[in-house]
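Let's take a friendly walk through the sheets and cores of this chain. Have the viewer ready and follow along.

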Amino acid sequence: MSNYGAGIGAGVKYTPAGVTRSVSPGSLTLMDGTPAVNKPGRKHIGKRALHQRIGVWGLCVIFGGVLLQLGIVSFLAYLWSQQGRHDVENLNQRAWRTIVLNIWMAPTITLSTVLIRFILGSQLILCTALVAGLIIETVSARIEDAPKFSVLRVYNSGPLDVVWLMSRLPHHFCRSIPGLLIILLYLVGVALQFSSTLLVSDLGDISIDSDPDIQEVAVSDSTGSFVAANSDYLWTKSLGTWPTYAETRAGNGTVNADVSDTGTILKAFLPFEAQKRLLVRSYDGLAVMQEARTVCVPATLDNTKFGLYGGTDQLALEGAVSASLDAFHHAGFVFYNRTNGVDNSNELGKRAFNCPFVQNVLPSPSVRGDSLEMAICTINGSGFRQFLLINALGSYLDWYNDMGPGGPLQWTSNDNGWANYVPAKAESKEKGLVLSASVCGFNFNHTLQNISASTENETKEFSLQWNNHTGIWNTEPIMRQLGVIDTTSDPTDRGLLRLNKHELAPGNPHPQVFFSFPTNDVSAAMMQLAFNKGIVADNYIAKSKLENSFRAQNTSIVFCTRCTDNARNESVHPAHVLLMQSAFNATNNPASALDALWTTWAHTMYSGSIGGFDYTGDVNATMIWATTVLAPRRWGGFIAVAALLVSHIVAMAVVVVLFAIRTSHTFNGDVWHAVAQASAGEEMKEILEDVTGSMDKEARSIIAARGMHGMFMGTQVDRGTGKVQIVRRNPAWKKDSRAYAYE
C-alpha cells in the first residue's frame with residue numbers, strides 16, 4: 001500500500017490484477033496504451049429524487065412499515081372490540097373465539113408487539129439518519145461533532161446517537177425542529193418498548209360461550225320416577241339454593257279481580273348439579289318439563305268454629321266450605337272423585353273440613369302470614385286437587401276464646417282469590433282478628449320433552465340471606481326468580497334460561513314423569529296424587545291411605561316459624577314458610593305464592609335424585625357452557641399504545657417531509673459521500689490531517705488548541721467546483737457570523 005501511495009505521486013507503474021498502469025499526476029495509461037483521462041471533481045448535480053436519497057429499502061421501511069403497524073393495531077382493535085357476550089354462530093367472532101378458547105391471547109399480543117417493535121427499530125434507525133442529514137445540512141454542528149453527524153447519515157444504532165451529541169449543546173439543538181423531532185422519536189420509542197406490558201394490563205378473566213358440547217345426558221332414572229334422596233317428609237327439607245331452570249309462559253291467567261290465576265307456566269328442569277347449572281348458556285336435548293297452573297278462588301265458609309282437635313290441646317278450624325269451580329274448568333283442570341272418576345261439577349258444595357292448627361308459642365306481629373298461622377288443608381271428598389288455604393291474623397287465645405264456642409264468621413270482602421272474614425262478635429273486631437280463606441287447586445304435568453333453551457345473561461341461583469341491618473331474611477331474589485313479584489320480564493333477566501321450543505320426545509317409553517313420595521303420610525299421598533296428575537299406582541301409594549283424605553278429619557300443612565308440632569300436621573321448613581309469607585306480604589296473590597312453593601318442592605325432589613339418573617333416551621344433548629378466558633376487559637393500555645404509535649408515525653412523517661424539502665446532499669445507505677463531504681472543506685482538511693491516529697478526546701484537544709472549538713460546520717456547495725463540502729457555516733438560528741463563540 002505504501003508503494004501504491006508513493007507511486008501515484010512519482011509516476012511509478014504498478015500491476016493490480018494483471019493490469020499494468022502508468023500513473024502520472026495528470027493522467028492514467030492502461031497497459032494497452034489507451035490513455036485514461038484523470039477528470040477533475042464532478043460538477044454538482046441538482047437535487048436528486050427522494051427515492052434516490054432515501055433509497056428503496058428506506059421507502060419500504062417507512063411506508064411498508066406504517067402499513068404493517070396500522071394493520072397490527074387494527075387487528076389488536078378487533079381483539080379489544082369483541083368484549084361482552086359472544087355468539088357461537090357469529091362468523092366475525094370466529095377468529096377471536098379461536099384465540100381466546102385456545103389460550104392464545106397473551107402470545108398473540110406478545111407476537112404483535114414484537115413485530116411493532118421490530119418495525120419501529122428499523123424506522124428509528126432510518127429517521128436517525130435523516131435527522132443527522134437535516135442537522136448537517138440545515139442546522140449545523142460543532143466541528144468536533146460534524147464528522148460523526150456525517151457518518152450517522154450512513155451508520156447509526158438509533159436516535160440515542162443523535163440525542164447524545166445534542167446533549168452537549170442543548171440550547172443549540174433544542175431550537176431546531178429536527179432536534180425536537182428526534183427527541184420525540186426517542187422518547188416514544190422507549191415507551192413503545194413496554195407496549196406488551198401496556199396491552200397485557202388490559203387483560204382479565206371474562207366469561208364467554210364455549211363451543212358446542214355434544215354428549216349424552218341422563219335426565220331421569222330408568223323407571224321415569226324421581227325419589228328424593230332422603231325418606232323424610234318433603235316439606236321438612238329445604239333447598240340450599242334455588243336452582244335455575246328454563247321457563248316460558250303458555251297463556252295468561254283468568255282476568256277476574258276475585259280469582260288468582262297464574263296461567264300456564266312451562267318450566268324445564270336442567271339435569272345438572274349446581275356447579276354446571278350456573279355455567280350452562282344453552283341446552284338442546286331431553287329434559288323434564290313441568291307444565292303447571294295454579295288457581296285460587298274465594299272460599300265460602302259456613303258453620304265454622306275453632307275447637308280442640310280430636311280431644312287434644314291442639315286448635316282446629318272446622319266447618320263447611322263451598323266455592324265456584326268455573327275458574328278451574330276454564331283453566332282446563334280435571335278433578336277426580338274418590339273412585340278416581342272425573343268430577344265435572346261447577347260448584348264445590350259445602351264440603352266438610354276439619355283442619356288442625358299448631359300453636360304459635362310466641363306472640364306474633366300483625367303481619368299477613370305470620371300470625372296464628374297459614375295452613376293448607378285437605379277438603380272432604382276432594383283430595384289434594386282442591387284444598388283450602390287459610391291465613392289467620394290474630395292471637396291464638398283470642399281466636400279460641402271468641403270462636404271456640406261456635407261464634408259465627410262474618411264475610412267482609414273478596415280480594416284476589418281470597419274471601420276475608422272477621423268474627424261476628426262486636427268485641428272481637430277490636431282485636432284485629434281476620435281470617436282469609438281460598439279454595440285452590442293446581443294442575444301439574446311432568447313429561448320428558450325435547451327442549452331448546454338459552455340465555456344471553458349469566459344464570460343465577462339464590463339462597464336465603466339474613467340482613468343484619470333490617471333484622472329480616474331477604475327473600476326478594478328468590479321470589480323474583482320464581483316469578484312471584486316479576487311475572488312480565490324475560491326469564492333471562494331473572495337468572496333463568498328462556499325456553500325457546502319444546503316437544504314430546506318421539507318414541508319415548510316414559511313420556512310421563514312420576515314423583516314418588518317415600519312416606520305413608522296422608523298429606524304425602526294427596527300431594528303424590530296431585531303431582532302425578534291424578535294417576536294412582538299401587539307401587540307409589542297405598543290406596544287405603546287415600547280414603548282418609550275424604551273424611552271430615554284431615555291433616556294440614558302449616559306455615560309457621562314459631563309453632564309447636566304434633567302428629568296431626570306437617571310443619572313446613574322455615575325456608576318455605578319465609579317464602580310463602582314474603583310472597584303474601586308482597587303480592588297478596590295466593591296462586592303465585594303456591595306456584596313458587598310447588599316449584600320449590602318439585603326441584604327439591606328432582607335435585608335430590610340427579611345422582612341416580614341413568615336414562616339418556618339414547619340421544620345426544622348439545623350444551624354451550626360459560627367458560628372463563630383471558631381476554632381484553634379494558635381499553636387503557638390499547639389506547640396508550642395506539643396513541644404512542646400514532647405519535648411515532650406523525651413525527652416520522654414530519655421528518656420525511658423536512659428531509660424531502662430541506663436536504664439535497666444526503667443519500668441514505670451510501671458511504672462515499674458522507675466521508676468525502678467531511679474531508680472536502682478547508683477547515684476539516686486541516687483537522688483531519690492531524691488526527692489520523694487520534695481518538696475523539698485527543699481530536700477535541702487538537703481542535704481546542706487551534707482555537708476552533710465551538711466552530712459550527714455544515715454542508716455547502718462550492719460554486720466553482722460544484723463540490724459538496726462541510727465547511728464553517730453560521731447556524732440557522734444565528735443571524736451573523738459574529739455570533740460564533742469559540743470556547
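## A sheet that meets a helix

Two strands count as paired if DSSP finds at least two bridges between them. In this predicted model, β4 and strand β29 (residues 712-717) are joined by 2 bridges and run antiparallel. Within this pairing, Ala141 sits opposite Met713 in β29.

The pair belongs to an open sheet of 3 strands, ordered β4-β29-β30 with antiparallel pairing. At its edges are β4 (141-142) and β30 (724-728), each of which pairs on one side only. Helix α5 packs on this sheet and touches β4, β29 and β30, its direction making about 85° with that of β29. Helix α21 (residues 672-680) also packs on the sheet, touching β29 and β30, and its direction makes about 40° with that of β30.

## The nonpolar cores

The largest nonpolar core has 70 residues; Trp96, Met105, Ile135, Ile143, Phe149 and Val162 touch the most other members. Helix α5 (residues 105-139) gives the most to this core, with 14 residues.

Which residues does Val162 contact, leaving aside its neighbours within four places in sequence? They are Thr128, Val131, Ile135, Phe149, Leu152 and Ile182. A second, separate core of 35 residues includes Tyr245, Met374, Ile557 and Leu579.

## Another open sheet

Strands β12, β13 and β16 form, in that order, an open sheet of 3 strands with antiparallel pairing. Its edge strands, β12 (300-308) and β16 (347-356), each pair on one side only. From one strand to the next, the twist averages 10°.

Strand β13 (residues 315-324) pairs with β16 in the antiparallel sense over 8 bridges. Here Gly319 stands opposite Phe353 in β16.

Conventions
Residues are numbered from 1 along each chain as its sequence is written. This is a predicted model: local features need pLDDT of at least 70, side-chain atom pairs count only at pLDDT 80 or more; totals for chains, interfaces and linings use all residues. Side-chain values use heavy atoms; hydrogens and water are left out. Helices (H or I, at least four residues) and strands (E, at least two) are DSSP runs, numbered from the N terminus. Axes are lines fitted to C-alpha atoms, for helices over the stretch in contact, and angles run from 0 to 180 degrees between N-to-C directions. A nonpolar core is a set of buried Ala, Val, Leu, Ile, Met, Phe, Trp, Tyr and Cys residues joined through side-chain atoms within 4.5 Å. Buried means under 20% relative accessible area, exposed over 50%, partly exposed in between (1.4 Å probe, protein chains only). Contact means heavy atoms within 4.5 Å.
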